[in-house]
Amino acid sequence: MPQLLHLDSSADLDSSVSRSVTALFSDVWHSLGADNSVIYRDLHRTPPPHLPSAAMHWAPHLRTPNEVAPPEAEALQKELIDELVSADVVLIGAPMYNWSIPSTLKAWIDYIHVPGITVPFDSPTRPLEGKPVVVVSSRGNQYGPGTPDFGADHTVAQLQQVLGVALGMEVFVVTVDLTLANRVPAMAPLVPQAANSLADARSAVTGLATRLGAAPAAS
Ligand SMILES: Cc1cc2nc3c(=O)[nH]c(=O)nc-3n(C[C@H](O)[C@H](O)[C@H](O)COP(=O)(O)O)c2cc1C
(Lines give C-alpha, C1' and ligand atoms only; values in the text may rest on other atoms or scores of the structure.)
Protein backbone atom coordinates (compact mmCIF):
# COMPACT_ATOMS: atom_id res chain seq x y z
CA MET A 1 0.00 0.00 0.00
CA PRO A 2 2.16 2.94 -1.18
CA GLN A 3 1.55 6.04 0.90
CA LEU A 4 2.28 9.58 -0.25
CA LEU A 5 2.92 12.43 2.16
CA HIS A 6 1.84 15.57 0.29
CA LEU A 7 2.90 18.96 1.71
CA ASP A 8 1.96 22.36 0.30
CA SER A 9 3.29 25.68 1.54
CA SER A 10 2.12 28.35 -0.92
CA ALA A 11 0.26 31.25 0.70
CA ASP A 12 -1.75 31.61 -2.51
CA LEU A 13 -5.01 29.69 -2.09
CA ASP A 14 -6.50 30.81 -5.44
CA SER A 15 -3.98 30.46 -8.24
CA SER A 16 -0.88 28.82 -6.81
CA VAL A 17 1.26 27.13 -9.43
CA SER A 18 3.01 24.81 -6.98
CA ARG A 19 -0.35 23.71 -5.56
CA SER A 20 -1.65 22.94 -9.06
CA VAL A 21 1.43 20.87 -9.91
CA THR A 22 1.48 18.94 -6.62
CA ALA A 23 -2.27 18.32 -7.04
CA LEU A 24 -1.57 16.78 -10.45
CA PHE A 25 1.05 14.49 -8.88
CA SER A 26 -1.44 13.50 -6.18
CA ASP A 27 -4.20 12.84 -8.75
CA VAL A 28 -1.92 10.58 -10.78
CA TRP A 29 -0.85 8.83 -7.57
CA HIS A 30 -4.49 8.14 -6.65
CA SER A 31 -5.30 6.97 -10.18
CA LEU A 32 -2.76 4.16 -9.96
CA GLY A 33 -4.87 2.09 -7.63
CA ALA A 34 -7.22 2.08 -4.67
CA ASP A 35 -4.32 1.15 -2.40
CA ASN A 36 -2.40 4.35 -3.18
CA SER A 37 -3.13 6.57 -0.21
CA VAL A 38 -2.26 10.20 0.51
CA ILE A 39 -1.66 12.03 3.78
CA TYR A 40 -2.06 15.75 3.13
CA ARG A 41 -0.58 18.55 5.22
CA ASP A 42 -1.07 22.19 4.32
CA LEU A 43 1.78 24.09 5.98
CA HIS A 44 0.22 27.44 5.10
CA ARG A 45 -3.28 26.79 6.45
CA THR A 46 -1.93 24.97 9.50
CA PRO A 47 1.61 26.22 10.02
CA PRO A 48 3.87 24.58 12.55
CA PRO A 49 4.88 27.20 15.13
CA HIS A 50 8.48 28.36 15.16
CA LEU A 51 10.59 26.07 17.33
CA PRO A 52 9.89 27.17 20.92
CA SER A 53 13.32 26.03 22.09
CA ALA A 54 16.69 25.07 20.62
CA ALA A 55 16.38 21.88 22.67
CA MET A 56 14.03 20.65 19.95
CA HIS A 57 16.94 20.38 17.53
CA TRP A 58 18.33 17.44 19.51
CA ALA A 59 17.07 13.98 20.32
CA PRO A 60 16.11 13.94 24.03
CA HIS A 61 19.17 11.86 24.99
CA LEU A 62 21.48 14.44 23.36
CA ARG A 63 20.12 17.48 25.22
CA THR A 64 22.10 19.22 27.95
CA PRO A 65 20.51 19.35 31.43
CA ASN A 66 19.44 22.95 30.75
CA GLU A 67 17.71 22.12 27.47
CA VAL A 68 14.03 21.45 28.09
CA ALA A 69 11.46 21.08 25.32
CA PRO A 70 7.76 21.92 25.87
CA PRO A 71 5.71 18.69 25.82
CA GLU A 72 3.21 19.98 23.22
CA ALA A 73 6.05 20.89 20.84
CA GLU A 74 7.61 17.48 21.37
CA ALA A 75 4.28 15.86 20.56
CA LEU A 76 4.04 17.82 17.30
CA GLN A 77 7.63 16.94 16.45
CA LYS A 78 6.90 13.25 16.97
CA GLU A 79 3.75 13.48 14.84
CA LEU A 80 5.60 15.20 11.98
CA ILE A 81 8.53 12.77 12.07
CA ASP A 82 6.30 9.68 12.33
CA GLU A 83 4.26 10.91 9.36
CA LEU A 84 7.42 11.44 7.33
CA VAL A 85 9.00 8.12 8.24
CA SER A 86 5.84 6.13 7.50
CA ALA A 87 5.41 7.63 4.00
CA ASP A 88 6.78 5.75 1.00
CA VAL A 89 7.14 8.92 -1.06
CA VAL A 90 7.12 12.59 -0.06
CA LEU A 91 5.89 15.49 -2.22
CA ILE A 92 6.66 19.10 -1.29
CA GLY A 93 5.25 22.23 -2.90
CA ALA A 94 7.96 24.85 -2.32
CA PRO A 95 7.34 28.27 -3.86
CA MET A 96 10.20 30.76 -3.92
CA TYR A 97 9.68 33.55 -1.41
CA ASN A 98 12.43 36.17 -1.33
CA TRP A 99 14.90 33.79 -2.98
CA SER A 100 14.27 31.20 -0.29
CA ILE A 101 11.47 28.91 0.89
CA PRO A 102 8.31 29.95 2.78
CA SER A 103 8.88 30.28 6.51
CA THR A 104 6.17 27.66 7.11
CA LEU A 105 8.19 25.07 5.19
CA LYS A 106 11.37 26.13 7.00
CA ALA A 107 9.56 25.65 10.32
CA TRP A 108 8.56 22.12 9.26
CA ILE A 109 12.21 21.38 8.40
CA ASP A 110 13.30 22.65 11.80
CA TYR A 111 10.98 20.09 13.42
CA ILE A 112 11.99 17.07 11.34
CA HIS A 113 15.77 17.53 11.00
CA VAL A 114 16.87 16.16 14.37
CA PRO A 115 20.35 14.80 15.14
CA GLY A 116 19.97 11.50 16.93
CA ILE A 117 16.52 10.81 15.42
CA THR A 118 16.45 11.57 11.69
CA VAL A 119 20.15 12.23 11.10
CA PRO A 120 23.11 10.30 12.49
CA PHE A 121 24.92 11.70 15.50
CA ASP A 122 26.00 9.22 18.17
CA SER A 123 24.51 6.29 16.25
CA PRO A 124 24.03 5.64 12.53
CA THR A 125 20.25 6.24 12.67
CA ARG A 126 18.95 7.46 9.32
CA PRO A 127 15.32 6.35 8.93
CA LEU A 128 14.71 8.40 5.78
CA GLU A 129 17.66 7.01 3.83
CA GLY A 130 16.72 6.42 0.19
CA LYS A 131 13.11 7.61 0.54
CA PRO A 132 12.04 9.49 -2.60
CA VAL A 133 11.05 13.13 -2.16
CA VAL A 134 9.72 15.25 -5.02
CA VAL A 135 10.18 19.02 -4.64
CA VAL A 136 8.05 21.32 -6.80
CA SER A 137 9.75 24.73 -6.86
CA SER A 138 7.68 27.53 -8.42
CA ARG A 139 9.31 30.89 -8.99
CA GLY A 140 8.27 34.16 -10.57
CA ASN A 141 11.58 34.70 -12.34
CA GLN A 142 14.04 32.24 -13.88
CA TYR A 143 17.33 31.12 -12.37
CA GLY A 144 18.84 28.60 -14.78
CA PRO A 145 22.41 28.69 -16.15
CA GLY A 146 22.93 31.66 -18.44
CA THR A 147 20.10 33.74 -16.96
CA PRO A 148 20.88 37.07 -15.21
CA ASP A 149 19.80 35.73 -11.81
CA PHE A 150 21.64 32.44 -12.02
CA GLY A 151 22.96 31.68 -8.53
CA ALA A 152 20.25 33.63 -6.69
CA ASP A 153 18.00 30.59 -6.17
CA HIS A 154 18.38 29.66 -2.50
CA THR A 155 15.43 27.26 -2.48
CA VAL A 156 16.58 24.17 -4.32
CA ALA A 157 20.12 24.02 -2.90
CA GLN A 158 18.76 24.37 0.64
CA LEU A 159 16.24 21.59 0.17
CA GLN A 160 18.82 19.33 -1.48
CA GLN A 161 21.20 19.94 1.43
CA VAL A 162 18.74 19.11 4.18
CA LEU A 163 16.65 16.41 2.46
CA GLY A 164 19.37 14.80 0.36
CA VAL A 165 22.72 15.37 2.04
CA ALA A 166 21.60 15.38 5.69
CA LEU A 167 18.57 13.08 5.70
CA GLY A 168 19.78 10.84 2.87
CA MET A 169 16.56 11.05 0.85
CA GLU A 170 16.47 10.63 -2.92
CA VAL A 171 15.57 14.14 -4.09
CA PHE A 172 13.77 14.87 -7.38
CA VAL A 173 13.43 18.56 -8.23
CA VAL A 174 10.77 19.92 -10.60
CA THR A 175 11.00 23.66 -11.25
CA VAL A 176 8.38 25.95 -12.75
CA ASP A 177 9.96 29.21 -13.90
CA LEU A 178 8.55 32.60 -14.89
CA THR A 179 5.22 32.19 -13.10
CA LEU A 180 4.91 35.99 -12.92
CA ALA A 181 5.09 36.39 -16.71
CA ASN A 182 1.32 36.74 -17.02
CA ARG A 183 1.18 39.32 -14.24
CA VAL A 184 4.20 41.59 -14.78
CA PRO A 185 3.85 43.64 -18.00
CA ALA A 186 7.61 43.78 -18.57
CA MET A 187 7.66 39.97 -18.66
CA ALA A 188 5.01 39.66 -21.40
CA PRO A 189 7.55 38.45 -24.02
CA LEU A 190 8.34 35.55 -21.69
CA VAL A 191 4.75 34.22 -21.56
CA PRO A 192 5.38 31.41 -24.10
CA GLN A 193 8.51 30.35 -22.21
CA ALA A 194 6.53 30.34 -18.97
CA ALA A 195 3.88 28.14 -20.56
CA ASN A 196 6.56 25.71 -21.71
CA SER A 197 8.07 25.58 -18.23
CA LEU A 198 4.71 24.73 -16.69
CA ALA A 199 4.00 22.10 -19.36
CA ASP A 200 7.42 20.52 -18.72
CA ALA A 201 6.77 20.47 -14.97
CA ARG A 202 3.34 18.87 -15.42
CA SER A 203 4.87 16.23 -17.65
CA ALA A 204 7.71 15.62 -15.18
CA VAL A 205 5.40 15.11 -12.18
CA THR A 206 3.11 12.85 -14.18
CA GLY A 207 6.10 10.65 -15.00
CA LEU A 208 7.44 10.72 -11.45
CA ALA A 209 4.07 9.92 -9.86
CA THR A 210 3.55 7.03 -12.27
CA ARG A 211 6.99 5.61 -11.55
CA LEU A 212 7.11 6.19 -7.79
CA GLY A 213 3.48 5.20 -7.19
CA ALA A 214 3.56 1.95 -9.11
CA ALA A 215 3.10 -1.14 -6.98
CA PRO A 216 6.26 -3.24 -6.76
CA ALA A 217 6.22 -6.13 -9.25
CA ALA A 218 5.25 -9.47 -7.66
CA SER A 219 8.21 -11.82 -7.32
C1 LIG B 1 6.21 36.71 -0.49
C2 LIG B 1 6.65 36.46 -1.91
C3 LIG B 1 7.99 36.55 -2.24
C4 LIG B 1 8.40 36.26 -3.54
N5 LIG B 1 9.73 36.30 -3.84
C6 LIG B 1 10.16 35.93 -5.05
C7 LIG B 1 11.55 35.88 -5.36
O8 LIG B 1 12.42 36.17 -4.54
N9 LIG B 1 11.91 35.50 -6.60
C10 LIG B 1 11.02 35.14 -7.55
O11 LIG B 1 11.42 34.76 -8.65
N12 LIG B 1 9.68 35.15 -7.30
C13 LIG B 1 9.25 35.54 -6.08
N14 LIG B 1 7.90 35.54 -5.78
C15 LIG B 1 6.97 35.05 -6.80
C16 LIG B 1 6.64 33.59 -6.53
O17 LIG B 1 7.81 32.79 -6.46
C18 LIG B 1 5.74 33.05 -7.62
O19 LIG B 1 4.54 33.79 -7.62
C20 LIG B 1 5.44 31.56 -7.45
O21 LIG B 1 4.59 31.16 -8.49
C22 LIG B 1 4.83 31.29 -6.09
O23 LIG B 1 4.40 29.94 -6.02
P24 LIG B 1 2.85 29.60 -6.06
O25 LIG B 1 2.35 30.01 -7.42
O26 LIG B 1 2.76 28.16 -5.82
O27 LIG B 1 2.18 30.40 -4.97
C28 LIG B 1 7.46 35.88 -4.52
C29 LIG B 1 6.10 35.79 -4.17
C30 LIG B 1 5.70 36.08 -2.89
C31 LIG B 1 4.23 35.96 -2.53
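I'll start with Lys78, which has its place in helix H2, residues 71-86. This is a predicted model, so please hear every value as computed from it. Lys78 counts as exposed, because its relative accessibility is 51% and the cut-off for exposed is over 50%. Arg45 is 33 residues from Lys78 in sequence, and the C-alpha atoms of the two are 20 Å apart in space.

Val68 lies in the loop between strand E2, residues 37-42, and H2. With a relative accessibility of 60%, Val68 counts as exposed. Leaving out residues up to four places away in sequence, Val68 touches Ser53 and Ala55. Met56 is 12 residues from Val68 in sequence, with 8.2 Å between the C-alpha atoms.

His50 also has its place in the loop between E2 and H2. Its relative accessibility is 63%, and His50 therefore counts as exposed. Where does Ala107 sit relative to His50, in sequence and in space? Ala107 and His50 are 57 residues apart in sequence, and 5.7 Å apart C-alpha to C-alpha.

Now the ligand. The ligand sits in the largest pocket. There are 17 residues around the ligand, and Ser10, Ser16, Ser18, Tyr143 and Thr179 come nearest. Which distances do the polar side-chain atoms give? For Ser10, a side-chain N or O atom is 2.6 Å from an oxygen atom of the ligand. For Tyr143, the distance from a side-chain N or O atom to an oxygen atom of the ligand is 2.7 Å. For Ser138, a polar side-chain atom lies 2.8 Å from a ligand oxygen atom. The ligand taken alone exposes 620 Å², and 75% of that is buried by the protein.

On to strand E4, residues 132-138. Ser137 is found in this strand, E4. Is Ser137 buried or exposed? Ser137 is buried, because its relative accessible area is 1%, and buried means under 20%. Beyond the residues up to four places away in sequence, Ser137 touches Ala94, Thr155, Val156, Val174, Thr175 and Val176.

One of those contacts, Val156, takes us to helix H4, residues 156-166. Which residues of H4 are buried? They are Val156, Leu159, Val162, Leu163, Gly164 and Ala166. An α-helix has 3.6 residues a turn, so residues three or four places apart point the same way. As for what covers the buried residues of H4, the cover includes strand E3 (89-93), H3, E4 and strand E5 (170-176). Just after H4, Gly168 takes a positive phi, about 80 degrees.

Staying in H4, Ala166 lies in this helix. With residues up to four places away in sequence left out, Ala166 touches His113, Val119, Pro120, Arg126 and Gln161. Asn66 is 100 residues from Ala166 in sequence, and 26 Å away in space, C-alpha to C-alpha.

His113 is found in the loop between helix H3, residues 103-112, and strand E4. His113 is buried, because a relative accessible area of 19% is under the 20% cut-off. What does His113 touch, apart from residues up to four places away in sequence? The contacts are His57, Thr118, Val119, Val162, Ala166 and Leu167.

Last, two backbone angles to check on the screen. Trp99 lies in the loop between E3 and H3. Phi of Trp99 is near 65 degrees, which is a positive value in a residue other than glycine. At 45% relative accessibility, Trp99 counts as partly exposed.

Leu178 is found in the loop between E5 and helix H5, residues 191-213. Leu178 is not a glycine, and yet has a positive phi of about 60 degrees. Is Leu178 buried or exposed? With a relative accessible area of 2%, Leu178 is buried.

Technical notes: Residues numbered from 1 in each chain as written. Predicted model: local features only at pLDDT ≥ 70, side-chain atom pairs only at ≥ 80, totals over all residues. Heavy atoms only, no water. Helix = DSSP H or I, 4+ residues; strand = E, 2+ residues; numbered from the N terminus. Buried < 20%, exposed > 50% of the residue type's maximum accessible area, 1.4 Å probe, protein only. Contact = heavy atoms within 4.5 Å. Near = heavy atom within 4 Å. Polar contact = N/O pair within 3.5 Å; in protein donor to acceptor, adjacent residues only side chain to side chain. Areas by Shrake-Rupley, 256 points an atom, 1.4 Å probe, with all protein chains shown as cover. 1 Å grid on protein atoms, 1.4 Å probe; cavity = no way out; pocket = protein on both sides within 12 Å on 5 of 7 lines; lining within 4 Å. Sits in = over half its atoms within 2 Å of the grid points.
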